[in-house]
Amino acid sequence: MTKRRQGEIIPQIQRASRARLQTFMTRTRVVVAEDLLPVLTTVVALLCESFDVVDAVFDGQAALETTLKLEPDLIVLDISMPLMSGIEVAQELKKLGNRAKIVFLTVHEDTDILRTCQAAGGLGYVVKLLMDTDLIPAINEALAGNIFTSKFPSQQDVV
């Protein structure tokens, strides 16, 4: 083991810290709102590699408050949650002029609900059955200002 002088260690640590800080500061900040713990933990695990998940909450009211407080770049919203639905959260954020992009994560394979989510400001609509393949692409599309909608598994042709 080579002996290092004290003056060499500190700049190395500072350079490494600056690099981590720059990576951290350039990553997209995301809030996840989902009332089912297994789904919430799965979503956070899916996103942690590519995004900075700044908070994960279990109900709509917490989603609204956290989004207003932390000002994330994007929020992943379940539709059916206690206290406020994801749609109500999106409508309130839109009314307040919040600029966070919104991706809905849902079990609902319903075009009427899809339209309501889009009217509320949602750019992404991901069916939970497809979240492993569709969630990250939906987030990336939303961040680019584009719409992403999962294909509804119940409406796909059976081969």
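Student: Let's start with Val 39. Which residues is Val 39 in contact with, leaving aside its neighbours within four places in sequence?

Tutor: Val 39 touches Glu 34, Leu 105, Lys 128 and Met 131. Keep in mind that this is a predicted model.

Student: Noted. Where is Val 39 found?

Tutor: Val 39 sits in helix 2.

Student: Buried or exposed, for Val 39?

Tutor: Val 39 is buried, because its relative accessibility is 16% and the cut-off for buried is under 20%.

Student: And what separates the C-alpha atoms of Val 39 and Met 131?

Tutor: The separation is 9.8 Å. Along the chain, Val 39 and Met 131 are 92 residues apart.

Student: On to the helices, then. How do helix 2 and helix 6 pack?

Tutor: Helix 2 covers residues 37-48 and helix 6 covers residues 131-143. Their axes are 11 Å apart, at an angle of about 55 degrees. So helix 2 is oblique to helix 6.

Student: Left-handed or right-handed crossing for helix 2 and helix 6?

Tutor: Helix 2 crosses helix 6 in a right-handed sense.

Student: Which residues meet there, between helix 2 and helix 6?

Tutor: From helix 2, the list is Val 39, Thr 42, Val 43, Leu 46 and Leu 47. They meet Met 131, Asp 132, Leu 135, Ile 136 and Ile 139 in helix 6. The residues of this contact split into 8 nonpolar, 1 polar and 1 charged.

Student: What about helix 3 and helix 4: at what angle do they pack?

Tutor: The angle is about 30 degrees, with the axes 9 Å apart. Helix 3 is residues 60-70, and helix 4 is residues 86-95. That angle makes helix 3 roughly parallel to helix 4.

Student: What's the handedness of the crossing of helix 3 and helix 4?

Tutor: The crossing of helix 3 and helix 4 is right-handed.

Student: Which residues of helix 3 and helix 4 meet?

Tutor: Helix 3 brings Gly 60, Ala 63, Leu 64, Thr 67 and Leu 68. Helix 4 brings Val 89, Glu 92 and Leu 93. By class, the residues of the contact are 5 nonpolar, 2 polar and 1 charged.

Student: Why flag that?

Tutor: Because most residues other than glycine have a negative phi.

Student: Where is Glu 71 placed?

Tutor: Glu 71 is in the loop between helix 3 and strand 3, which spans 74-78. Glu 71 is exposed, with a relative accessible area of 57%.

Student: Let's switch to rings. How many aromatic pairs are there?

Tutor: The count is 1 aromatic pair. Tyr 125 and Phe 152 form it, and the pair is tilted. The centres are 6.0 Å apart, with 50 degrees between the planes.

Student: Which parts does the pair of Tyr 125 and Phe 152 tie together?

Tutor: Tyr 125 lies in strand 5, residues 122-127. Phe 152 lies in the segment after strand 6, which is 148-149. So the pair links parts 27 residues apart in sequence.

Student: Is Tyr 125 buried or exposed? And Phe 152?

Tutor: Tyr 125 is buried, at a relative accessible area of 1%. Phe 152 is buried too, at 6%.

Student: One more residue. Where does Thr 28 lie?

Tutor: Thr 28 is in the loop between helix 1 (6-26) and strand 1 (29-33). Thr 28 counts as buried, at 17% relative accessibility. Leaving aside neighbours within four places in sequence, its contacts are Phe 51, Asp 52, Asp 73 and Leu 143.

Student: Zooming out, how many helices and strands does the protein chain have?

Tutor: The protein chain has 6 helices and 6 strands. From the N terminus, the order is α-β-α-β-α-β-α-β-α-β-α-β.

Student: What share of the 159 residues is buried?

Tutor: Buried residues make up 38%. As for contacts with a separation of 6 or more, 59% are between residues 24 or more positions apart.

Key: Residues numbered from 1 in each chain as written. Predicted model: local features only at pLDDT ≥ 70, side-chain atom pairs only at ≥ 80, totals over all residues. Heavy atoms only, no water. Phe/Tyr/Trp six-rings, centres within 6.5 Å; stacked < 30°, edge-to-face > 60°. Helix = DSSP H or I, 4+ residues; strand = E, 2+ residues; numbered from the N terminus. Buried < 20%, exposed > 50% of the residue type's maximum accessible area, 1.4 Å probe, protein only. Axes fitted to C-alpha atoms, helices over the stretch in contact; angles between N-to-C directions. Parallel < 35°, antiparallel > 145°, perpendicular 65-115°, else oblique. Left-handed = near helix turned anticlockwise from the far one by under 90°. Contact = heavy atoms within 4.5 Å. Nonpolar A, V, L, I, M, F, W, Y, C, P; charged D, E, K, R; others polar.
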